[in-house]
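Please keep the model open while reading.

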Amino acid sequence: MRLSGRNAVVTGGASGIGRATALRFVDEGAQVFVGDIDAEAGQALADESNGRIVFHRTDVTQEGDIVALLALADAAGGLDILFNNAGAGGSRDPIDTISADDWDRTQALLLRSVALGIRHAAPLMARRGGGAIVNTSSVSALGSGYAPTAYSTAKAGVLHLTRLAAADLARHAIRVNAVVPGFIATNIFTSALGIDAAGKARADGVIAHVAADAQPIRRTGRPEDIAAAVAYLASDDASFVTGTHIVIDGGLTIGTRASWDASQPSLFSILESIR
């Protein structure tokens with residue numbers, strides 16, 4: 001019950017990482033306010049929570065929607081925690097063909113929304129004497145080949161924004177950190193590709209197979225894996241942690257496959273063989 005008596009806002013909370021985190025926050029004692037564009041799933045989550053989750057339809061590309069969601073928590077006694085999590089795959093076009101409008105839409109959803117969430121949460125938290133903000137980035141912020149260019153650029157921006165905001169808001173005792181998920185079993189992959197419900201189960205199987213073969217920990221990540229890290233960063237257990245990020249990727253980014261798979265030849269082993 002590390003979050004007992006605290007009010008938390010979760011964007012993109014109707015499914016995936018956001019839903020798992022909202023439920024984890026409830027388990028840890030928080031009152032949770034969930035925003036999402038999926039009103040049906042969001043309200044169903046709230047209905048199942050015995051009053052511990054309040055849902056408010058929220059499009060994070062609209063500044064007024066963000067303000068309204070945060071205001072609900074503030075009116076309930078104050079805002080203590082914000083998890084800026086809402087997102088989608090965005091444009092899949094490479095940099096040499098993407099349109100300006102598609103670029104702007106992707107950045108608005110994945111980066112501008114985080115900046116506005118921080119912007120409007122900070123004064124509310126300052127009045128409370130402090131707070132914790134956690135942002136969702138991605139392993140695509142750390143290198144190429146994990147996701148499309150516009151998405152990856154936005155997620156890299158989230159990491160740098162996290163550091164800058166942590167410095168800006170330290171005077172208000174507001175901590176700002178980020179989580180960096182790897183292959184996590186959510187609908188972000190299938191939604192981004194326009195895969196219908198009939199193909200989702202097959203796609204999930206493919207994702208699970210690829211993830212298990214691509215990283216040292218041989219399973220797909222679960223939303224609950226990310227929720228556990230978010231709950232830590234939001235709690236007093238992380239009271240000395242700000243301006244940084246936690247990578248939760250099963251080891252995906254630790255190095256080339258040869259660094260953890262002994263069956264794969266490394267450059268060093270190849271040179272040794274011809275010495």
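The accessible surface of the chain comes to about 13,000 Å², and carbon and sulfur atoms hold 55% of that area (Shrake-Rupley method, 1.4 Å probe). This is a predicted model, in which local features need pLDDT of at least 70 and side-chain atom pairs count only at pLDDT 80 or more, while totals for chains, interfaces and linings use all residues. Residues are numbered from 1 along each chain as its sequence is written, and side-chain values use heavy atoms, without hydrogens and water.

The chain has nine helices and seven strands; these are DSSP runs, with helices being H or I of at least four residues and strands E of at least two, numbered from the N terminus. Of its 275 residues, 45% are buried, meaning under 20% relative accessible area with a 1.4 Å probe, protein chains only.

Helix α1 (residues 16–27) packs with helix α8 (residues 223–234) at an angle of about 50°, and their axes are 8 Å apart. The axes are lines fitted to C-alpha atoms over the stretch in contact, and angles run from 0 to 180 degrees between N-to-C directions. Residues in contact, including Ile17 and Phe25 of α1 and Ile226 and Val230 of α8, have heavy atoms within 4.5 Å.

Helix α4 (residues 100–128) contains leucine 110. Leucine 110 counts as buried because its relative accessibility is 1%. Leaving aside residues up to four places away in sequence, leucine 110 touches Ala86, Gly87, Ala88, Tyr151, Ala154, Lys155 and Val158. The C-alpha atoms of leucine 110 and glycine 87 are separated by 5.6 Å, with the two residues 23 apart along the chain.

Note on methods:
Buried < 20%, exposed > 50% of the residue type's maximum accessible area, 1.4 Å probe, protein only.
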